[in-house]
Amino acid sequence: MKILAVMMLASIVTIRGQIPMTEKNSYDILIKHGTIIDGSGAPGFKADVLVKDQKIVLISDVDTSLISAHRTIDATGKVVTPGFIDHHAHGDPLKTPEFKNFSAMGVTTIFLGQDGESSDHIAEWMSQVEAAQTAINIGSYVGHGSVRNQAGVKLDPSPSYWARRKMATLVDEALEAGCFGLSTGLEYQPGSFSKINELITLAKPVGKRGGVVSSHTRNEDDEAVQNSIAELITQGAGGGCAVNISHLKVVYGHGADRAEAILQQMEAAREEGISITADMYPYQASYTGIGIVFPDWAKPPYNYEQVVAARRDELATYLRERIQRRNGPEATLFGTAPWAGKTLTQVALELGKPFEDVLIDDIGPKGASAAYFVMDQELQDRLFLDPFIMTCSDGSPTMRHPRGYGSFAKVIRYYVNETKLLNIEQAVYKMSGLPAKTVGLVEQHRGLLKAGFAADILVFDPDAIEDAASFENPHELARGFDWVIVNGAVVRGEGEFTGKRPGKMLRKS
Ligand SMILES: [Zn+2]
């Protein structure tokens, strides 16, 4: 393996810039006359790209009379970028290995195992993903909640020293198997039961192996979000590892002030030597289980029926106030049967009762998932423009939210084309170079357009990019990504799927 890599490098060096006159070189793909946006944030430049054996071998002016290419792509008037990296995604590669929703919006690598949830048998699962032959590359985090369950800690708020040791060993083994870090879901059970000493204990093996703790933080509400971020920073400092805020948002916050405060908080942590980033999706609605609006005292280990019987009025008041705070019942849009596509207002009207009674009697804390229109555009925009914040979808092929089909296209359409808040180089950096750097993919020669790097490549006209998915039709594929190349194989050509599945299971080296 090592020798091969060295030989390949030698051949790149000999042809770099100047193709030897003596032999007809043959390549898999030639992309000619495009503007190269290399994913580092550097200004675009005109050049051709040569691909061979799954790798980019040359980015330069190519004298086409001196080479032959199995396929030539004319990128005149278009940009050539690295394939996009979705740092926080959901979905089951064993069920939907094609992941068309992702590749259609230019995503060639996704990271799963998010929000504290991953497979209990990571190494085995990775082999299964490999056998399933996905169309795009898959990386994974190991989930804190899953580790808690596996270690038998479950909902215990004070695990013993030995239980914490057991969890730390499981985290270490998962990283050894190739996970890129630890994900937490502190707003969900069982992660919500953990305290900072446990979080630091589990961050230590992550720090030791140069991984990342990526966290769905404890509470994203306006008045609580900065305390939640502070907890993550403390975890990173204690564990000696990089930290990332998953799907950064401020629930029912308004205006740019909170955004400025959060960005200053992150900057202050960086000055203390803690590497901190965040990922975000470009929508003002979140999506998760309806349990998010229920109080802890109505969830396990408490028996829901007993809670309703004993504390019904209190629960009704809690739900009424919490939903009102979250922009009212019309701001909750159900995504699961039998209410998919209807708001809580509509369901309450149909059932002829107050919305809090619908939540208590007809749905319950586990009875539905929904989109919640709880975010402020000005606030979220300010966060998104920060250079340490990358793009994610937090979406999946099946979730009823447009983010799983539109996020990366919307970043180009909204931030680059319409508002011009970002230029194309900055946007592409947020979607490739930054996530690659964050998780350590650059060391594996992925995430940038550079000779010697994996040939995950997009060719498109930025002006033609459309995010077609909406809350009404959340499963419309994005349009405009003419060529999507994964490990040197064309997954989408001239806007059509080829059926090829060249994705790899990525493992942290
Ligand atoms: Zn989450």
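**Core, sheet and domain contacts**

Isoleucine 485 touches Ile29, Ala455, Asp456, Ile457, Val490 and Val491, residues up to four places away in sequence not being counted; contact here requires C-beta atoms, placed from the backbone, within 7 Å. The structure is a predicted model, in which local features need pLDDT of at least 70 and side-chain atom pairs count only at pLDDT 80 or more, while totals for chains, interfaces and linings use all residues. Residues are numbered from 1 along each chain as its sequence is written.

Ile485 is also among the residues with the most contacts inside the largest nonpolar core, which has 146 residues. Such a core is a set of buried Ala, Val, Leu, Ile, Met, Phe, Trp, Tyr and Cys residues joined through C-beta atoms within 7 Å, where buried denotes 20 or more other C-beta atoms within 10 Å of the residue's own. Helix α13 (residues 403-418) supplies the largest share of this core, 7 residues; helices are DSSP runs of H or I with at least four residues, and strands are runs of E with at least two. Because domain 1 (83-284 + 378-445) and domain 2 (289-373) both give residues to the core, it lies between them.

These domain bounds come from an automatic or database assignment. The C-alpha centres of the two domains lie 27 Å apart, and 8 residues of domain 1 are in contact with 10 residues of domain 2.

An open sheet of 3 strands has the order β6-β7-β8 with parallel pairing, pairing being defined by at least two DSSP bridges between strands. Strand β7 (residues 107-112) is joined to β8 by 4 bridges, and leucine 112 stands opposite serine 140 in β8.

Key
A residue is buried if 20 or more other C-beta atoms lie within 10 Å of its own, exposed if 12 or fewer, and partly exposed in between; C-beta atoms are placed from the backbone. Two residues are in contact if their C-beta atoms, placed from the backbone, lie within 7 Å.
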